[in-house]
Amino acid sequence: MRRLAVCSAVGVLLCAGFLLAQGGAPAKAKATTPEIPFEIVANFFKTPLLGEAVGVATNSKGHVFVEVRSGETKLMEFDQNGAFVRELGVGSYGMAFGHAVRVDRYDNIWAVDEGTNVIMKFSPEGKILMVLGKRPDPLEQLALMPGGGQYSGANKPYSFHRQTDVAWDAQDNIFVSDGYGDSRVVKYDKTGRFIKSVGTRGNGPLQFSTPHAIAVDAKGLVYVADRGNSRIQVLDNDLNLKTIYDNVGAPWAVCISEGAHQYLYSSNSFPTGNNFDQAGTTGEIYKMELDGTVLGRFGKAGHGPKEFSSIHQMDCRNPNEIYVAEITEWRATKVLLRPQQRTNN
Amino acid sequence: MRRALYLCAAAAVIAAATLSAQSVASINYDANSDFLVLPPNTHLGEVAGVATNSRGQLFVYTRTGHAVATLGDERTFYHGGSRLFQFDQTGKFVKEIGQGAYGMNFAQQVRVDPQDNIWVVDSGSNQVMKFDTEGRVLLVLGRKPENIGVRPGAGIPASGGMPQGVAPAEGGRGGGGGRGGGTPGAGINGDTFNRPSDVAWDRAGNIYIADGFGPNSRIAKFTKDGDFVKTWGQTGSGQGQFNKIRGLVIDAADNIYVADAGNNRIQVFDPSMTFKSEIRNIGTPQALCLSSGTTQYLFSSNSNDPESMDNGEIYKIGLNGQVLGRFGKAGKMPKEFGMVNAIDCRTPNNLVVGEVWNWRVQKVTLR
């Protein structure tokens, strides 16, 4: 009986977490934040994306990688003009249900797949250089089917459970946000050796409710998009909590620009479901200083041109040239910011 | 008191084992982790099996792509998930064997027999398939369950011998002795395998299947034509008992070496399947290989656990059981080993190693 009570408490928590994860809460900073004028580069990608665009990332040459949940999950490479170049990892064991793609400073491409619980590191030529995580033995998984991949908090050193994103510091240590089935941040050294993992599910300090994206700045601070808790938790390089930004809505996607002066972008994405009760309070992207100062915002919820459906990942290598991947409208978009024309309304 | 004594003795044994494992000489080696040339848009996944034939051609059995469920009637069917690639002596891709075969779902091992036939062990379909060099199917042992159960509590209940969630085929002869009243893990007198792990042959061409790392804990013997001869072994830790059999090799004198992973030992049986000896202090044997030639060497990998970067070394062992040397450690970098599941050692100083963790094949040269 007592166990039952605990179970239902857990159930309520999970349920609450799920509702929170859907976001829809207005961002506190919205009313006081100036709008940044922007343009969409129409039809930048010359090949249609035939599925949910979950990930987008650029390399140093301006090529753009888009992770798409089409018939099969695909990792597509486009050149700087949006022309399709090739597909990476075709038929790979690690690509069942993509979640994100990132490019490291050596132009290696890292594909995060929450259907196999694997992160693949591709060389610029498309060879698999390293595998993080382990795809579960399918026969052992059968007994768990059909499962929802809910939080279980196994927190294994070398296995993820629906991990969401990856980032690196200047020493090439690897940071993984993990994810739906776990609720933590994991740190590895550059050889893939486990160093540390922090986090459980919840809304306290160093607890997460769907850590959905991760970014690391030049000093090695770690920014975790704690989507279900509508906050960004900033950790130091050893994964101790440093500070929390909770005024920019539910961060589905975060990225940090390159250069001497880095900016943090966070997307308070329009949740899936196209619920227009939420459209007025979501859909915008915030531009922030790394210290949390909100500088401006752009965008609004919707499926039309110059609107954002559910932004799932962003690239902001160049702080005025943002790529966004949208899952509900099946598109990736190149966005040009015009910050010098900032209005003050 | 007696129990305490046992514990002390056990501790002493463990200490001794650790000591002796550390005192084994290191063998210098080089490794090439980038010698395979695959066709465009083809990738290795978890490498479960590697084996060379007499001409030095290399066969790689890998978990790549996906096992796909097909919605049919009220049952769910599955296919795909693993592929068998052939490479030439330099590592250049030659062809794919058995593309789309019914039983290639979860690669477990590949071996080449003295006639250069290619034997594939699949622990998803629970089958062993024999291909000739042209890719024709010559022999099939075991039968794949017709469908998979993806609704716990509904459909055909999983029963003896099948992994939980896998429905037995129509008229399924559940293996897993013990559940039907037999000896636990003994399996049945037939070819109903449960997660088989390896295959080997004696001089007469009789076939021995390691069955396996599921609830069966037995070796099954068949004639060269596939007729059942006998089965031996059961679950346990005594002589002739097994706990998760990961590999099986047979030497030129028909002695049988079994990687009894769960018991951290290799058990050696004579040709009449009588227990002969055991080899310890080699960690958890996951991949076994016997070199050819007049002096044969046994290689055994103490592969890392999937949740650890400890261990990972490979041992070179004399057939008298003496550990001659060790090399390697667990990791993801070149020259390190990630869950080695297969070793080819046709020539004892030029090995080919297949890794589950790192999705790759390394050519290892011992100095």
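1. Contact between the chains. In this predicted model, 35 residues of chain B are in contact with 37 residues of chain A. The area buried between the two chains is about 2,900 Å². Carbon and sulfur atoms give 60% of that area. Three residues stand out on the chain B side: B:His66, B:Glu307 and B:Trp359. They supply 24% of the area that chain B buries against chain A, more than any other three residues.

2. Three salt bridges are counted between chain B and chain A. One of them joins B:Glu46 to A:Lys134. Their closest N and O atoms are 2.9 Å apart. The side of chain B that touches chain A has 15 nonpolar, 13 polar and seven charged residues. Between the chains, 10 residue pairs are in polar contact.

3. The disulfide in chain A. The whole structure holds two disulfides over all chains. One joins A:Cys255 to A:Cys316, with 2.3 Å from S to S. The link is right-handed, with 140° about the S-S bond. A:Cys255 sits in strand β20 and A:Cys316 in strand β24, so the pair ties together parts 61 residues apart in sequence. Both cysteines are buried.

4. The disulfide in chain B. B:Cys289 and B:Cys345 form a disulfide, with their sulfur atoms 2.1 Å apart. This link is left-handed, at -105° about the S-S bond. B:Cys289 belongs to strand β22 and B:Cys345 to strand β26, so the pair ties together parts 56 residues apart in sequence. B:Cys289 counts as buried because its relative accessibility is 5%, under the 20% cut-off. B:Cys345 is buried too, at 1%.

Definitions and conventions
Residues are numbered from 1 along each chain as its sequence is written. Chains are lettered from A and ligands numbered from 1 in the order in which they are written. This is a predicted model: local features need pLDDT of at least 70, side-chain atom pairs count only at pLDDT 80 or more; totals for chains, interfaces and linings use all residues. Side-chain values use heavy atoms; hydrogens and water are left out. Contact means heavy atoms within 4.5 Å. Buried area is the accessible area (1.4 Å probe) that two parts lose on being put together, summed over both. A salt bridge is a side-chain nitrogen of Lys or Arg within 4 Å of a carboxyl oxygen of Asp or Glu. A polar contact is a pair of N or O atoms within 3.5 Å; within protein, one must be able to donate a hydrogen and the other to accept it, and residues adjacent in sequence count only if both atoms are side-chain atoms. Ala, Val, Leu, Ile, Met, Phe, Trp, Tyr, Cys and Pro count as nonpolar, Asp, Glu, Lys and Arg as charged, and the others, Gly among them, as polar. A disulfide is a pair of cysteine sulfur atoms within 2.5 Å. Helices (H or I, at least four residues) and strands (E, at least two) are DSSP runs, numbered from the N terminus. Buried means under 20% relative accessible area, exposed over 50%, partly exposed in between (1.4 Å probe, protein chains only).
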